[in-house]
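Me: I am new to this structure and would like to learn how to read it. Please take me through a few features one by one.

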Amino acid sequence: SLSLADCSAPVVESKTGVSFPSVLGNSLRLLGIGLRKKSILGLKNIDVYAFGVYANGDDLRKLLSEKYGKLSATELKDNKDFNNDLMEADICMTVRLQIVYSKLSIRSVRSAFEESVGSRLQKFGGSDNKELLQRFTSQFKDEYKIPRGSVIDLIRERSHILKTTIDGKEVGSIQSKLLCRSILDLYIGEDPFDRRAKEDVEVNAASFLQK
Ligand code: DAO
Ligand code: DAO
């Protein structure tokens, strides 16, 4: 698995060749990378984007070391409480998506996240939360283009504000703990897009607590 906490070289996702800086904007450390795939009509599996999960190391230490600092990385891997706290505590995190599929239409993006994000809003919010999903998807205008190589940052700022940027340009921000939690759940929740990535995030986050 990846050991990222101490290195400063970019990390390359092996299947797609996409590269992720090990530090974003000075304070966010890369904890794990993975691949989002999607099967079309059960026929073929396409690689949609590579992603990297980043978190602020000081936030991790400040908020989680008291509770988990004495546990080893192995004990923290697959530890449900630790994983939930990672998603719910007020830790600055970013998930960077780098698009590799060259034929993404806004329409297919919308319907994919109505399915993926929508099911999480339902699971954690206990109702269908149509309004919140609508607010999120309406940030993405029909005329936006996201060709191969586009970089989308899903940024959880302090106080559970989810800010989205496309190629560095801000497209919107929404304050909602439920939305932040639901988005992070796609990558490090119970049924993540890429299980290896989730394990790497847990192990590398744990390594921050022991310093
Ligand atoms: O061309 O019908 C097709 C397949 C499209 C797959 C779309 C998956 C979209 C996943 C969400 C991307 C978010 C940036
Ligand atoms: O992979 O199913 C998924 C969900 C991705 C959630 C983030 C979507 C951000 C989409 C930006 C689209 C820009 C037009």
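Me: Which residues does the UniProt annotation "domain: Chalcone isomerase" cover?
Reply: According to the UniProt record, an unreviewed entry, that annotation covers residues 28-201. UniProt positions follow the numbering used here, feature names are shortened, and annotations may be inferred rather than shown by experiment. The span is 41% helix and 30% strand, and its end C-alpha atoms lie 13 Å apart. Helices (H or I, at least four residues) and strands (E, at least two) are DSSP runs, numbered from the N terminus.

Me: What is the mean pLDDT of the protein?
Reply: Where pLDDT is low, the predicted coordinates should not be read in detail. This is a predicted model, in which local features need pLDDT of at least 70 and side-chain atom pairs count only at pLDDT 80 or more, while totals for chains, interfaces and linings use all residues. Residues are numbered from 1 along each chain as its sequence is written, and side-chain values use heavy atoms, with hydrogens and water left out. The mean pLDDT (the predictor's confidence in each residue, from 0 to 100) is 92, and 96% of the residues reach 70 or more.

Me: At what angle do helix α1 and helix α7 pack?
Reply: Two packed helices are described by the angle between their axes and the distance between the axes. Helix α1 (residues 57-68) meets helix α7 (residues 195-209) at about 80°, with the axes 8 Å apart. The two are therefore roughly perpendicular, a term for angles of 65 to 115 degrees. Axes are lines fitted to C-alpha atoms, for helices over the stretch in contact, and angles run from 0 to 180 degrees between N-to-C directions. The contact (heavy atoms within 4.5 Å) includes Leu-60 and Tyr-68 of α1 and Phe-208 of α7.

Me: How is helix α3 placed against α7?
Reply: Helix α3 (residues 80-88) packs on α7 at about 85°, with the axes 11 Å apart. That makes α3 roughly perpendicular to α7. Among the residues in contact are Phe-82 of α3 and Lys-198 of α7.

Me: What is phi of Ser-159, and what is phi of His-160?
Reply: Most residues other than glycine have a negative phi. Ser-159 has a positive phi of about 65°, and His-160 has one near 60°. Ser-159 lies in the loop between β7 and β8 (161-166), and His-160 is found in that loop too.

Me: Is His-160 buried or exposed?
Reply: Buried means under 20% relative accessible area, exposed over 50%, partly exposed in between (1.4 Å probe, protein chains only). His-160 is buried at 12%, whereas Ser-159 is partly exposed at 37%.

Terms used. Chains are lettered from A and ligands numbered from 1 in the order in which they are written. Angles under 35 degrees count as roughly parallel, over 145 as roughly antiparallel, 65 to 115 as roughly perpendicular and the rest as oblique.
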